[in-house]
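Please read them with the structure open.

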Amino acid sequence: MAVPESLSLAQARRIALAAQGFADPAPTGVPTRRHLRRVLDRVGLIQMDSVNVLQRAHYLPLYSRLGPYPTALLDTAAYRRPRELFEYWAHEASLVPVGLHPVLRWRMAKARDESWGGMRRIAEEQPELVAWVRDEVAARGPLTAAEIEHDAPRETGNWGWNWSAVKRALEFLFWAGEVTAADRTNAFARRYDLPERVLPAAVLDAPTPTDAEAHRTLVSMAARSLGVAAEPELRDYFRLPVTGARRAVAELVEAGELTPVTVQGWRHPAYLHADARLPRWVRGNTLVSPFDPLVWERARTERLFGFTYRIEIYVPAPQRVYGYYVLPFRQGERFTARVDLKADRKAGVLLVPAAWVEPGADPGETAVALAAELYRLAGWLGLDAVAPPTAGDLAGPLAAALVGVAGVR
């Protein structure tokens, strides 16, 4: 695209959606590894989270971009040879392309300074335990924490999530890159092993870039995945240090990869990536995960879409505004609704505790589009029905629309 000096808000929205893969054509037939790679090329990494009220977080960004797909596609890429993804702290806990391992080694090297307090303390106060845990993984891996912690001292304090000393040692080693995730159990527990038994040799043998080179690569990836963004958002994508990120932005501007632009209504300067494209429109309807990179940075989400959003999992129930696990609903270039969802797997029903329409959206049209998407989601999750919503200002129209969709199925 021709490089402009300024962008309207509508242009910035389309650029952002296209950069995240929402303007790509939908797959015809069952999505394949090629489609998976296309999404990964767009988003750069996939955040993980343990909450499973609807579906594990890392499966949802692919659904939002590809529609119903076999989750084994992602499992195979992450946990089977030839492995294309590995787990590491990138944005948060994430699945990351294996090729990024070298540019994340700066974080591994700083584990004693940057890992969470409990991990640092175990490394400082009980180095012999950390060494013993690593030896156990080397001798018997892959192993879960539970498979080795019965043989080691256990702490009963109130740190974090009441992790045992062994779990903290494993997480320190994981942060430091000395162990990695071989796979996950059905209970979503990591099975740890040595990197040389998990990651491709070519990746481990690749040279380690300088910190500055690594930061520049990661900022470049973030900029490409965001399309247009302010500096704090470029830094947040891989949770980079302020100084390193700002230096990387300046170097990428000098190299012509990033172009400073103004965006209508934005207070911060913005940067447009050289590969950004501006489609004439972005179509399609889809639900978006709370952990989707499109909405990671909530201030950017509000600036781009006029959509104020936060996840209320950790908010006490009486204080929640919209619900426990609320997903934004995208129609084309805007968010028109938000819906609280829960999968009742035993009953085979997608529960809708609440549904809300966004200001300016037509409740009737939004409800019809959302009803179709909810049944599509339910089918992907292996659920047979969608329950009518029980709360929210879109509850009535959506209940009626769900009856209509069910009647033509």
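Predicted model: local features only at pLDDT ≥ 70, side-chain atom pairs only at ≥ 80, totals over all residues.

The points below cover the sheet, its helices, a helix pair and the cores.

1. Four strands make up an open sheet, ordered β1-β8-β9-β7. The pairing is mixed. β1 (6-7) and β7 (228-230) are the edge strands, and each pairs on one side only.

2. How do β7 and β9 run where bridges join them? They run antiparallel, and three bridges link β7 to β9 (residues 270-273). Within this region, A229 sits opposite Y271 of β9.

3. Helix α12 on the sheet. α12 (residues 211-226) packs on the sheet. The strands it touches are β7, β8 (258-263) and β9. The direction of α12 makes about 85 degrees with that of β9.

4. Helix α14 on the sheet. α14 (residues 242-254) lies across β8 and β9. Relative to β8, α14 runs at about 105 degrees.

5. α12 against α14. These two helices also pack on each other, at an angle of about 70 degrees and with axes 8 Å apart. Angles of 65 to 115 degrees count as roughly perpendicular, so α12 is roughly perpendicular to α14. On the α12 side, the contact uses A212, H215, R216, V219 and S220. On the α14 side, it uses G244, A245, R247, A248, V249, E251 and L252. By class, this contact has six nonpolar, three polar and three charged residues.

6. α7 against α8. Here the axes of α7 (residues 117-125) and α8 (residues 127-140) come within 5 Å. They cross at roughly 100 degrees, which means α7 is roughly perpendicular to α8. I122, A123, E124 and E125 of α7 meet P127, L129 and V130 of α8. The residues of this contact split into five nonpolar, no polar and two charged.

7. The largest core. Which residues touch the most other members of the largest nonpolar core? They are L54, Y325, L341, L350, L374 and L398, in a core of 116 residues. Helix α16 (residues 363-380) supplies the largest share of this core, with nine residues.

8. As background, nonpolar side chains tend to be buried together in soluble globular proteins.

Key: Residues numbered from 1 in each chain as written. Heavy atoms only, no water. Axes fitted to C-alpha atoms, helices over the stretch in contact; angles between N-to-C directions. Parallel < 35°, antiparallel > 145°, perpendicular 65-115°, else oblique. Contact = heavy atoms within 4.5 Å. Nonpolar A, V, L, I, M, F, W, Y, C, P; charged D, E, K, R; others polar. Core = buried A, V, L, I, M, F, W, Y, C linked by side-chain atoms within 4.5 Å. Buried < 20%, exposed > 50% of the residue type's maximum accessible area, 1.4 Å probe, protein only. Pairing = 2+ DSSP bridges.
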